[in-house]
Amino acid sequence: MSVPETTPVIGVFALQGDVREHLAALRSSGAEPVAVRRPGELAGCDGLVIPGGESTTMSKLAVSFGLMEPLRARVRSGMPVYGTCAGMIMLADKILDPRSGQETVGGIDMIVRRNAFGRQNESFEAALDLAGVPGGPVEGVFIRAPWVESTGAGVEVLASYDGHPVAVRQGSLLATAFHPELTGDHRVHALFTAMVRTAGESGREASGGRISGVGSVDCR
Amino acid sequence: MSSTSPSTSQPGPLQAPATGTARVKRGMAEQLKGGVIMDVVTPEQAKIAEDAGAVAVMALERVPADIRKDGGVARMSDPDMIEGIINAVSIPVMAKSRIGHFVEAQVLQALGVDYIDESEVLTPADEVNHSDKWAFTTPFVCGATNLGEALRRISEGAAMIRSKGEAGTGNVVEAVRHMRQIKNEIARLKGLDDTELYAAAKELRAPHELVKEVAGLGRLPVVLFSAGGVATPADAALMRQLGAEGVFVGSGIFKSGDPARRAAAIVKATTFYDDPEVIADVSRNLGEAMVGINCDTLPESERYAGRGW
């Protein structure tokens, strides 16, 4: 199985949020990161990160600019996606208390509670053991963070805090309520990049195609 | 959940959770990047802002244009009014304290606002000292007209900077001046060697450590937004092209003819700031923009940007 490591093209959903930090973390993890604001940019990606930000803002912009349906289609067809904080909310099949018109991409069979840990004054850092990430605890930075209220049978809980799941995985979808991109520790991004490589390899075997068919443009 | 501190609940050998750290405060601003923060004076306006895609709202009693018109001393808003807005929306809520009025800031922290703006739009309470912002769990955003001012605020604990502009005028000229000034001064630092950075720190009247950090990063160590005079989608996109990571819009939205439409348009133009076709498209039929004031006719006493130092 010792094939040379590929450099997957991983998009960062760049409508709003801490995009720069994710681009840097992905670059350090051996991926080629690109900012994605348009359906055409999504088409060239082997995987996607949905960053932290305001989930209501992201949802409205994604609908306005025609990204929601293409993104759902890619999720259905197995593209790996990693969401942090607002990105976790975007990957949830259901939000407990959505704002009017707030849509999610969905894909992970879970219900999330927005701002579950409280307002900014309750935002905190704590070390967390994260299944699948070797080398000791990761630093969890929780900012007005959601938690996972409940999960379906196919969802693997990778970490919990205070009894609530805060990191989950279902198939090729990964979500954390906290922000590894703010810490300089890129192990979670390395895990995700490995997930994208694996998906690319199985996709290549299935279709005989290359990992990404479209050239990419670095927008930043 | 708001009264439950996570510090009481985590079992096991892991370190105790920490609130109010620099990373949590600055990290909060990182989440606002690419977004628009809108001034609102009622819960109804806050909802319009949230529906339009604002990343946060600034709760205040009067928008800067009205503070200008009414005159008198401008203070922190009524706690009832701030709480009403906190309860109306799920996005972060910011509120303003006077410069140096650390008790107003304590009150805002107690109310649970997500960010405190120590703002020159209100009448300064201290002519020498800004508040010690390290003493708070709630993060602060502060205005700046140049790099030295920005770094002095950061050294006092500010976790986010906004260029000041001239609030309540609907005229973007001062915001442009301040953003260009800050970016030019950062660019200049990048060309200096270690020896020269000591003299630069002295010139900027800012801590050497921060000056060195900026020279290395090529940007501020905190998020930089633009504020003061943004009234149109093109204004917002202009500030982003000049280097702002997001924008505050004060009087520009709710002093215009069709606030909901204009708010949504400014949000879209802020995201697609480098795409003139999107900006053109969202700029159509927005109704009347706020009338605006020419800054060169403003007497010195009515210029807010000179408040703070």
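Which residues does Glu174(B) touch, not counting those up to four places away in sequence? Glu174(B) touches Gly165(B), Glu166(B), Cys295(B) and Arg303(B), where contact means heavy atoms within 4.5 Å.

This is a predicted model, in which local features need pLDDT of at least 70, side-chain atom pairs count only at pLDDT 80 or more, and totals for chains, interfaces and linings use all residues. Residues are numbered from 1 along each chain as its sequence is written, chains are lettered from A and ligands numbered from 1 in the order in which they are written, and side-chain values use heavy atoms, with hydrogens and water left out.

**Selected residues**

- Glu174(B) sits in helix 7 (residues 173-190) of chain B; helices (H or I, at least four residues) and strands (E, at least two) are DSSP runs, numbered from the N terminus.
- Glu174(B) is buried, at 7% relative accessible area; buried means under 20%, exposed over 50% and partly exposed in between (1.4 Å probe, protein chains only).
- Ala190(A) belongs to helix 6 (residues 187-207) of chain A and is partly exposed, at 35%.

**Second largest pocket**

- Its volume is about 340 Å³; a volume is the space filled by probe spheres set on grid points, which are joined across faces, edges and corners.
- A pocket is an open set of points on a 1 Å grid over the protein atoms alone, where a 1.4 Å probe fits, with protein on both sides within 12 Å along at least five of seven lines; lining residues have an atom within 4 Å of a point.
- Of the 17 lining residues, Glu21(A), Glu181(A), Leu182(A), Glu30(B) and Arg219(B) are the closest to the centre.
- Helix 1 (19-28) of chain A, and helix 1 (22-30) and helix 9 (208-217) of chain B, each supply at least two lining residues.
- Helix 1 of chain B gives the most, with five.
- The lining divides into five nonpolar, four polar and eight charged residues; Ala, Val, Leu, Ile, Met, Phe, Trp, Tyr, Cys and Pro count as nonpolar, Asp, Glu, Lys and Arg as charged, and the others, Gly among them, as polar.

- Three strands form an open antiparallel sheet in the order 8(A)-7(A)-1(B); strands pair if DSSP finds at least two bridges between them.
- Strand 8 (138-142) of chain A and strand 1 (18-19) of chain B are the edge strands, each pairing on one side only.
- Strand 7 (residues 124-128) of chain A pairs with strand 1 of chain B over two bridges.
- Phe124(A) stands opposite Thr19(B).

**Cysteines**

- There are zero disulfides over all chains, a disulfide being a pair of cysteine sulfur atoms within 2.5 Å.
- Cys85(A) is buried, at 5% relative accessible area, and Cys142(B) is buried, at 1%.
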